[in-house]
Amino acid sequence: MTAVLTITGLTMDFGGLRAVDNVNLDVRQGEIVALIGPNGAGKTTLFNCITGIYKPTAGDIVATPPGGPAKTIHGLKPNQVTEIGLARTFQNIRLFSNMTVLENVMIGRHCRTTSKILGAVLRDGHTRREEAEIVAFSYQLLERVRLERHVNDFARNLPYGAQRRLEIARALATEPFLLLLDEPAAGMNPHETKELDELISRIRAEMDISILLIEHDMKLVMNISDRIFVMEYGKEIAVGTPLEIRGNPKVIEAYLGEEAHA
Amino acid sequence: MRKFFTLAEMKKSLLMAVWFIFLTFPIMVVRVNPIYKVVEWRWQNLVLVGVSAFFLSFLWRYFLAYKKPAPAKSPLETSARKGKLSELQRHPAARRAGIFLAATLAVAFPYIFSTYQVNIMTTALIYVVLGLGLNIVVGLAGLLDLGYVAFYAVGAYSYALLNFHFGLSFWVCLPIGAAMAALFGIILGFPVLRLRGDYLAIVTLGFGEIIRLVLENWNEFSKGPSGIAGIPRPGIVGVEMSLNTSSIFLYFLMIGLALLTILVVTRLRNSRIGRAWIALREDEIACQAMGVDKTKTKLTAFALGATWAGMGGVIFAAKTTFINPASFTFLESAIILSIVVLGGMGSIIGVIASAFILILLPEYLRAFSEYRMLIFGAVLVIMMVFRPQGLISNVRQTYRFKGLQEENKEGDIK
């Protein structure tokens with residue numbers, strides 16, 4: 001299996017604070033990789049570095065689309081990273097709340113379509129066809145995450161769990177080869193978490209997308225991931241399969257503190 | 001709706017009345033006559049103030065309570081709650097009838113009313129175009145622009161100067177004015193790409209003032225505060241027009257431009273680019289992360305918004321035949337912004353309606369002479385208190401899909 005994302009020696013400083021310290025991470029084709037760690041370990045900062053929201057202080061991030069050449073992506077703008085084929089969701093939901101559910105997903109198609117101002121004004125054949133394709137494609141994605149019932153509702157009016165799924169659908173609309181999910185199960189009840197578990201597995205199986213996710217729900221993480229990276233204080237402290245991580249004393253210490261030894 | 005005429009409410013109104021009596025006592029009741037050195041006590045005014053304050057405060061709170069929607073039964077139901085105006089807009093028959101009525105009225109207007117009225121209407125139509133243009137920047141893309149009048153000035157001066165120096169005609173200058181304004185839109189756009197909200201507002205405000213001050217002080221270029229006179233009205237080659245026919249011609253020209261603006265802005269709003277603007281307004285970071293180029297999107301919003309101001313400016317110069325920097329003060333920007341906010345951010349019908357209200361109201365209130373600006377201000381305040389989202393708020397395009405029709409119908413019945 002080839003790697004779709006390779007991070008080497010990534011460091012991110014905020015003033016004097018080193019939020020991410022020399023982290024190496026890789027995601028292979030078709031893998032579900034979890035990134036875990038206590039609060040403030042630098043997981044979301046790492047995500048922001050990958051997706052171009054932050055420019056890392058040092059280190060390399062290389063993305064390799066399946067069947068394509070490797071591309072260095074650190075220092076690119078967020079929209080350029082998305083164009084290459086990495087799409088993300090956010091820890092605190094960032095939907096376009098005054099747009100409809102369908103329109104939210106349609107925004108995801110922006111970087112895969114080309115209509116210009118003149119086309120929009122004249123509504124020529126190309127623009128109309130493209131618009132119809134955008135609607136059809138987005139609707140299919142909504143069916144996939146079971147939100148087709150809410151097509152014309154405002155995104156802000158959706159229940160919490162549905163908003164999370166809509167964010168995933170919106171990210172999928174950009175046709176990524178790697179999906180980055182930032183705490184997708186946060187605030188979900190056990191039933192919703194189980195649905196999410198199935199959804200993520202389905203995305204990987206049916207759409208051939210690799211997944212990197214940050215998550216605190218250990219049951220979900222252990223269930224779903226092929227490999228787990230553990231971070232603490234910006235450093236990477238362990239890598240391995242769920243079974244290896246479960247027994248790793250360093251991880252237990254990071255999560256439970258010193259008392260775990262007793 | 002809860003019971004309103006309770007004792008507690010009465011008490012509140014009574015307190016309000018007492019408070020107003022106290023506040024207005026020195027000016028409404030006491031009058032000192034300095035000539036005869038007597039103090040006049042006008043007690044009847046005290047009663048008048050008390051009673052009207054009592055009833056007005058009652059009315060005020062009644063409407064406020066009325067405005068507050070009943071707690072929604074389910075969170076999804078709120079999406080069905082929309083204003084009556086927007087509901088009307090959805091009805092195809094009512095819509096067609098409304099358009100037909102408006103069209104007939106628009107065509108017949110110059111033949112029914114005087115030239116004076118036609119000129120007022122032309123002005124109102126210019127503001128419709130300006131409002132729709134600013135609506136792109138503020139309403140759709142969410143970029144608070146307080147210097148919009150600068151682009152209006154660029155358009156007006158483009159025509160005035162090109163005509164003065166090179167004798168270029170109105171028809172040549174209309175696209176040039178639009179292009180110049182778009183160029184200035186981009187020039188403004190670049191430095192403010194990183195700014196949002198208050199900061200952006202201040203920079204655009206400064207930009208508007210810079211343009212005005214340059215025009216005012218650079219005498220060799222713009223003839224300074226004395227302005228440029230004798231700008232020709234638009235005409236058709238070979239046709240002589242009287243003042244009256246030329247106003248009517250300008251009126252129809254403006255109707256045409258307004259229709260073009262409406263068409264273009266509507267199409268843009270429901271296009272790939274329009275969606276990107278709205279997404280940018282809603283959440284900049286998420287918008288970028290979803291693959292929208294922030295720089296390009298913002299610059300197109302500034303440029304396309306400015307284009308309409310440029311065209312409006314050219315027509316303004318042609319209509320008044322004289323321009324000077326005094327026509328392009330911050331107050332103009334504020335009025336255009338009020339049109340957008342009052343109409344409802346992003347709503348096209350709303351902006352058109354509020355442009356007419358805000359421009360025609362002060363004109364037709366001239367009968368009330370000194371009270372007209374007071375009434376105008378009161379209308380603004382009342383509108384914003386009772387309908388902060390504007391006349392028409394946030395109506396999005398809906399789509400229909402096979403297999404969903406039944407559920408949609410069910411939704412309609414609710």
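Among contacts in chain B (heavy atoms within 4.5 Å) between residues at least 6 apart in sequence, 74% join residues at least 24 apart. The model is predicted: local features need pLDDT of at least 70 and side-chain atom pairs count only at pLDDT 80 or more, whereas totals for chains, interfaces and linings use all residues. Residues are numbered from 1 along each chain as its sequence is written, chains are lettered from A and ligands numbered from 1 in the order in which they are written, and side-chain values use heavy atoms, with hydrogens and water left out.

Chain B contains 17 helices and two strands; helices (H or I, at least four residues) and strands (E, at least two) are DSSP runs, numbered from the N terminus. Of its 414 residues, 46% count as buried, that is, under 20% relative accessible area, with exposed meaning over 50% and partly exposed in between (1.4 Å probe, protein chains only). The accessible surface of chain B is about 21900 Å², and carbon and sulfur atoms account for 70% of that surface; such areas come from the Shrake-Rupley method with a 1.4 Å probe, and for residues only the protein chains shown count as cover.

The contact between the chains draws on 40 residues of chain B and 47 residues of chain A. Between them, about 4000 Å² is buried, 61% of it from carbon and sulfur atoms; buried area is the accessible area (1.4 Å probe) that two parts lose on being put together, summed over both. Arg272(B), Arg275(B) and Met290(B) supply 20% of the area that chain B buries against chain A, more than any other three residues.

Across this interface, 11 residue pairs are in polar contact, both residues being at pLDDT 80 or more. A polar contact is a pair of N or O atoms within 3.5 Å; within protein, one must be able to donate a hydrogen and the other to accept it, and residues adjacent in sequence count only if both atoms are side-chain atoms. On the side of chain B that touches chain A, α10 (243-269), α11 (272-282), α12 (284-289) and α13 (294-320) each supply at least two residues. The largest share, eight residues, comes from α11(B).

Charged pairs also join the two chains. Side chains of opposite charge can pair when their charged atoms come close. Two salt bridges are counted between chain B and chain A, a salt bridge being a side-chain nitrogen of Lys or Arg within 4 Å of a carboxyl oxygen of Asp or Glu. Glu131(A) pairs with Arg275(B), with the closest N and O atoms 2.7 Å apart. Asp283(B) forms a salt bridge with Arg94(A), where the closest N and O atoms are also 2.7 Å apart. Asp283(B) lies in the loop between α11 and α12 of chain B and Arg94(A) in the loop between β6 (86-88) and α3 (101-108) of chain A, so the pair joins two chains. Asp283(B) is buried at 12% relative accessibility, whereas Arg94(A) is partly exposed at 25%.

Within chain A, Arg227(A) and Asp26(A) meet in a salt bridge (3.5 Å, N to O). This pair links distant parts of the chain, 201 residues apart: Arg227(A) is in strand β9 (residues 227-232) and Asp26(A) in strand β2 (residues 17-28). Asp182(A), in strand β7 (residues 178-182), is buried with a relative accessible area of 0%. Its side chain makes a polar contact with that of Thr44(A) at 3.2 Å.
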